[in-house]
Amino acid sequence: GSSAQWHVLGAFYFDGQPQRMFRIRLYQVTPSQSKEEVFMRIYTLPPGLEGRLRNEDKDSFESLPNCDVKWTKSADPVQHAYAFEAPPTRVEDAVHAVMVHGEAIVDSITMIPGKPIRILDQLSLWEKDFWINDRGLDPVTGNFIYGNHRGIPYCMERVTSIFKDFESRTWQRKVINDSLEWTMGPDYRTDEQYDSNMDQIGGPSTRMNLSGREQQKQ
């Protein structure tokens, strides 16, 4: 993109199993002229193309309608109420986002393919913490499809930091949270460590996320 715009690719997976991704998104980030606001547009891939990601360019992504978000340094006392109640650091140390259009109705791609979902989203980003108050509802009945009924956000902690290795002239990852290093994949843990940590958090999210070794135990 232009010098005032950049893109970030995000891959999401459950249970410390990078090979079991459930979502891939491209985020287009554009600062305002005043630099006081940052606008983010979210792109998704058409069904069936995620496996060809490395061979596709940005034009293969489709913008999620009405899902743009706006980042500012100010938290909304209502929409970001969760950040005032129990922040990992001061609210003022984070940047906060709301949906530009308030909400959006999109067709689900992975969770319930083809089903319309009403999306409500607020976000707060600290240096080492990222909170996402993401909810999906049935637009007709108002029933929850995902998210927390009480407005409690997903609370994520930074595991790695990116730095430039000037000797090799490449970007590298550095682990900054040893307690969560195991979530980065099999190369960062033993089978025993994985089983122990998964037991502590209540087991796999779903049966489909069980590793082959674990499925054989069943």
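Two strands count as paired here if DSSP finds at least two bridges between them. I start with that because the first thing to look at is a pair of strands, and the rule is what decides whether they are a pair. One caution before we go on: what you see is a predicted model.

Strand β1, residues 6–13, and strand β2, residues 21–31, are joined by eight bridges and run antiparallel. To find your place in that pairing, look for His-7, which stands opposite Gln-28 in β2.

β2 has another partner as well. With strand β3, residues 38–44, β2 pairs over six bridges, again in the antiparallel sense.

Now the whole protein. There are three helices and 13 strands. Of the 218 residues, 35% are buried. The accessible surface comes to about 14,100 Å², and carbon and sulfur atoms account for 50% of that. If we take the contacts with a separation of 6 or more, 40% of them are between residues 24 or more positions apart.

Next, the interior. In soluble globular proteins, nonpolar side chains tend to be buried together. In this model the largest nonpolar core has 17 residues, and the members that touch the most other members are Met-40, Cys-67, Val-69, Trp-71, Ile-119 and Leu-123. Six strands each supply at least two residues of this core: β2, β3, β5 (69–72), β6 (95–99), β7 (104–107) and β8 (116–125). β8 gives the most, with three residues.

There is also a second, separate core of seven residues, and among its members are Tyr-82, Ala-83, Val-91 and Ala-94.

Let me stay with Cys-67 for a moment. Leaving aside residues up to four places away in sequence, Cys-67 touches Ile-42, Met-99, Ala-104, Val-106 and Ile-119. Its relative accessible area is 5%, so Cys-67 is buried. Cys-155 has a relative accessible area of 47% and is therefore partly exposed. How many disulfides does a search of the whole structure find? The count is zero.

Another residue to look at is His-80, in the loop between β5 and α1, residues 81–85. Is His-80 buried or exposed? Its relative accessibility is 1%, and the cut-off for buried is under 20%, so His-80 counts as buried. Its neighbours, again not counting residues up to four places away in sequence, are Ala-75, His-96, Ala-97, Val-98, Gln-122, Leu-123 and Ser-124.

On to the charged pairs. The structure holds five salt bridges, and I will go through some of them.

In one of them, the side chains of Arg-41 and Asp-68 meet at 2.9 Å, N to O. This pair links distant parts of the chain, with Arg-41 in strand β3 and Asp-68 in the loop between β4 (62–63) and β5, 27 residues apart. Arg-41 has 35% relative accessibility, so it counts as partly exposed. Asp-68, at 15%, counts as buried.

Glu-103 and Arg-118 form another, also listed at 2.9 Å, N to O. Glu-103 lies in the loop between β6 and β7 and Arg-118 in strand β8, 15 residues apart, and this pair too links distant parts of the chain. Glu-103 is at 33% relative accessibility and so counts as partly exposed. Arg-118 is at 26% and counts as partly exposed.

Then there is Asp-93 with Arg-90, where the side chains meet at 3.3 Å, N to O. Asp-93 counts as partly exposed because its relative accessibility is 43%. Arg-90 has a relative accessible area of 54%, and is therefore exposed.

Last, helix α2, residues 191–200. Which residues of this helix are buried? Tyr-194, Asp-195, Asn-197 and Met-198 are. After α2 comes Gly-202, whose phi is positive, near 100 degrees.

The largest nonpolar core has 17 residues, and a separate core has seven. The structure holds five salt bridges and zero disulfides.

Key
Residues numbered from 1 in each chain as written. Predicted model: local features only at pLDDT ≥ 70, side-chain atom pairs only at ≥ 80, totals over all residues. Heavy atoms only, no water. Helix = DSSP H or I, 4+ residues; strand = E, 2+ residues; numbered from the N terminus. Buried < 20%, exposed > 50% of the residue type's maximum accessible area, 1.4 Å probe, protein only. Contact = heavy atoms within 4.5 Å. Areas by Shrake-Rupley, 256 points an atom, 1.4 Å probe, with all protein chains shown as cover. Core = buried A, V, L, I, M, F, W, Y, C linked by side-chain atoms within 4.5 Å. Disulfide = S-S within 2.5 Å. Salt bridge = Lys/Arg side-chain N within 4 Å of Asp/Glu carboxyl O.
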